[in-house]
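Please find below a short note on the structure under review. It is arranged as numbered points.

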Amino acid sequence: MSEQGNVTIPWLPWIDDNGKFEILQYVELTKSKIEQNNWGVVSNVTENGPSKMHVLDLRGITMMTASLRYILKKLDTAVYYRGQNKAWSLVPSLFRKKETTEERLAALHTMNSLLYHVKKHFSILVEDHVRAALAQHYKCPTNWLDIVDTPQMAAWFAYHQRVSYIAPDNGVAYILLLAAPKTSGNSHVQVIDLRDSEPKWLRPHVQQAFSMRVFPDDGSIGSFDHVHLMTYIVPRPLLKAWSAYDAISVETMFPNSTEDLGRFESNIAQGLLHDTEWKGIWHDPEIEI
């Protein structure tokens with residue numbers, strides 16, 4: 001169960017108890033095989049939420065992920081990944097440090113007003129919720145969460161050194177597995193494939209980017225804990241090798257504004273906010289302004 005303010009949300013709420021029991025059985029079976037092969041150590045699995053796997057060999061990640069994808073496909077559920085170089089909580093950027101529903105509602109109002117202000121200059125041809133997801137991908141705080149659909153891409157982001165937190169090379173980083181129903185219009189979770197953007201928006205295509213939000217979309221839900229399947233804790237040298245980090249440069253993953261229309265338009269949008277009440281809210285450390 002996930003406690004979020006006054007709201008209690010069951011783990012994977014679109015899956016019934018029989019389906020959850022099948023998931024736990026598959027994880028337990030796979031846990032035994034992984035530990036017998038010395039590919040990792042998996043914490044005890046419970047019906048209340050995600051377990052953790054300390055990875056010793058990348059075959060452990062592959063086996064566990066394959067098992068989860070197999071059983072979840074039968075339950076009409078997809079698996080996504082999020083790479084993090086620190087064990088940050090699964091709270092979207094808009095709601096961080098905002099504990100109450102009232103604070104989150106105020107933040108949502110600010111986000112919607114800000115995006116309306118730049119609407120004619122940033123992703124003008126898409127629906128408002130897609131614009132918000134794209135803005136998140138270009139580092140505007142929103143109620144969307146950046147995810148990908150391949151573990152190797154998540155490994156790149158897990159290894160990636162961010163300005164705000166420099167991880168030691170002999171430490172660990174994290175790949176989080178998240179679940180979402182495949183059924184369009186599900187009332188619990190929405191996932192957008194940002195690769196449906198026009199080709200000139202290069203960053204989402206290079207990064208194989210998706211975006212996720214949870215419902216109700218009214219500030220009452222502050223995190224994504226109830227869609228969290230598992231956390232892989234991975235030594236950074238393994239992540240570096242698996243993601244081919246040295247071969248895929250930051251310049252490749254974050255194309256500049258002459259190569260990427262999205263980066264160009266996000267530059268313009270951030271510039272439009274300089275003399276407004278929203279100055280400083282949208283800031284992409286990967287871009288030039």
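1. The model is predicted, so local features need pLDDT of at least 70 and side-chain atom pairs count only at pLDDT 80 or more, while totals for chains, interfaces and linings use all residues. Residues are numbered from 1 along each chain as its sequence is written, and side-chain values use heavy atoms, with hydrogens and water left out.

2. Buried means under 20% relative accessible area, exposed over 50%, and partly exposed in between (1.4 Å probe, protein chains only). Helices (H or I, at least four residues) and strands (E, at least two) are DSSP runs, numbered from the N terminus.

3. Both faces of strand 9 are covered: A209, S211 and R213 are buried on one side, and F210, M212 and V214 on the other.

4. Strand 9 runs antiparallel to strand 6 (residues 145–148), with 4 bridges joining them; pairing requires at least two DSSP bridges between two strands. Strand 8 (residues 189–193) also pairs with strand 9 in the antiparallel sense, over 5 bridges. F210 stands opposite I147 and opposite D193.

5. The buried residues of helix 3 are R104, A107, L108, M111, L114 and L115. Seen down the helix axis, they fall within an arc of 130° (taken from the directions from the axis to the C-beta atoms), so they line one face of helix 3. The face turned away from this buried side carries the exposed residues E102, H109 and Y116.
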